[in-house]
Amino acid sequence: PYKVEPHQGRGFLTGYYEPEISGSLEKTADFSIPVLARPHDLVTFPQDEPSPLAPYSAARRTQQGYEPYDDRAAIWDGALDGQGLELLYLPDKVELFFAHIQGSARVRLPDGKICRLTYAGRNGYPYTTIAKVIVAEGHMALGDIHLESLKAWLRANPLHAERLMRLNQSYIFFSRSDDLPETEGPIGAASTSLDAGRSIAVDRRQWSYGLPFFISAELPNRHGQSVPFSRLMIAQDTGSAILGAARADLFMGSGEAAGHQAGLIRHPGDFIVLLPRS
């Protein structure tokens, strides 16, 4: 066991989850926002090697070499239209935006069936947290921001919402799975199903998948009450906003209740990593 101790003394924890969203395999008046598959010309650079097109972690391959891929604004303005990338359709851009943040989703179709969206790549741009911009512009206080309040504010302020969401140039592409059992969690970056309360996303440049971490903190439960949290967890995922050796995103499960709890977690924590003997 090794304690991971950053300069500020403690690590930092957030939470994420697999949302459940209503959607349709066909474009309709109620479901008009497409979820896109990974484009054929997208190249993802290995995380443990220097990017040949820094600061981008992915790029478009052309006959002349690499060039930056289209950002969120360009894609929303139609840069990838006509390529047949549409997997299914969601009700609005807010739901799509939060599916991008979480990196997976369960989509309930009009006939009641569930299909799963699994992370398949990103356009390579750095991730921008729009909550910080909302606070900086004075729209909401930091203490008032959580998953439900942020979604509600974005929907109540569509002009601000469109502008702010476009500030996050990072865009996520998905694959669709219709046969992943509903009882299993989404597939993480380590290509294994995530387990609620046991899987974490880590900085892939710092840690290998499969490493066990013992994490101790005071975290909110689903009622918002602070309770002790001390357990062994496994590094099985990553995220563009998860940066640093003592930084982890805790997978809290699937559905609305898990999303509520995940949205409350922004807390310091202590990290002990269990490394193989040399």
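Predicted model: local features only at pLDDT ≥ 70, side-chain atom pairs only at ≥ 80, totals over all residues.
Figure 1. Ser191 is exposed, with a relative accessible area of 61%; the cut-off for exposed is over 50%. Most residues other than glycine have a negative phi.

**Figure 2. The cis peptide bond between Ala54 and Pro55.** Omega is about 10° for the bond that joins Ala54 to Pro55. Most peptide bonds are trans. Pro55 sits in the loop between strand 5 (42-44) and strand 6 (58-62).

**Figure 3. The largest nonpolar core.** This core has 64 residues. Which of them touch the most other members? They are Leu13, Leu154, Ile200, Phe213, Ile215 and Leu250. Helix 2 (residues 93-102) supplies the largest share of this core, with 5 residues. A second core, of 5 residues, is separate; among its members are Tyr16, Leu194, Ala201 and Ile242. In soluble globular proteins, nonpolar side chains tend to be buried together.

**Figure 4. Leu154 and the buried residues of helix 4 (residues 147-156).** Leu147, Ser149, Leu150, Lys151, Trp153 and Leu154 are the buried residues of this helix. What covers them? The cover includes strand 2 (11-18), helix 2, helix 3 (130-136), helix 5 and helix 6 (256-264). Leu154 touches Val94, Phe98, Ile130, Ile134 and Ala161, with residues up to four places away in sequence not counted. Leu154 is also one of the residues that touch the most other members of the largest nonpolar core.

**Figure 5. Helix 2 against helix 4.** The two helices pack at an angle of about 145°, and their axes are 10 Å apart. The crossing is right-handed. Helix 2 contributes Val94, Glu95 and Phe98 to the contact. Helix 4 contributes Leu147, Leu150, Lys151, Leu154 and Arg155. By class, the contact residues are 5 nonpolar, no polar and 3 charged.

**Figure 6. Helix 2 against helix 5 (residues 158-167).** The axes come within 11 Å and cross at roughly 25°. Helix 2 and helix 5 are therefore roughly parallel to each other, as angles under 35 degrees count as such. Their crossing is left-handed. On helix 2 the contact residues are Lys93, Val94 and Phe97. On helix 5 they are Glu162, Met165 and Arg166. The contact holds 3 nonpolar, no polar and 3 charged residues.

**Figure 7. Helix 4 against helix 5.** Here the axes come within 5 Å and cross at roughly 115°. That makes helix 4 roughly perpendicular to helix 5, a class that runs from 65 to 115 degrees. Trp153, Leu154, Arg155 and Ala156 make the contact from helix 4. Pro158, His160, Ala161 and Leu164 make it from helix 5. The class count is 6 nonpolar, 1 polar and 1 charged.

**Figure 8. Asn168, in the loop between helix 5 and strand 11.** Is Asn168 buried or exposed? Asn168 is buried, because its relative accessible area is 2% and the cut-off is under 20%. Beyond four places in sequence, Asn168 is in contact with Arg72, Phe97, Pro126, Tyr127, Thr128 and Ile130.

**Figure 9. Tyr69, in the loop between strand 7 (65-67) and helix 1 (72-76).** Tyr69 counts as buried, at 1% relative accessibility. Which residues does Tyr69 touch, not counting those up to four places away in sequence? They are Pro39, Asp41, Leu42, Ala59, Arg60, Leu80, Asn123, Tyr125 and Phe173. Ala245 is 176 residues from Tyr69 in sequence and 28 Å from it in space, C-alpha to C-alpha.

**Figure 10. Pro34, in strand 4 (residues 33-36).** Pro34 is partly exposed, with a relative accessible area of 26%. Leaving aside neighbours within four places in sequence, Pro34 is in contact with Glu86, Leu88, Tyr89, Leu96 and Tyr171. Leu159 is 125 residues from Pro34 in sequence and 20 Å from it in space, C-alpha to C-alpha.

Methods: Residues numbered from 1 in each chain as written. Heavy atoms only, no water. Core = buried A, V, L, I, M, F, W, Y, C linked by side-chain atoms within 4.5 Å. Buried < 20%, exposed > 50% of the residue type's maximum accessible area, 1.4 Å probe, protein only. Helix = DSSP H or I, 4+ residues; strand = E, 2+ residues; numbered from the N terminus. Contact = heavy atoms within 4.5 Å. Axes fitted to C-alpha atoms, helices over the stretch in contact; angles between N-to-C directions. Parallel < 35°, antiparallel > 145°, perpendicular 65-115°, else oblique. Left-handed = near helix turned anticlockwise from the far one by under 90°. Nonpolar A, V, L, I, M, F, W, Y, C, P; charged D, E, K, R; others polar.
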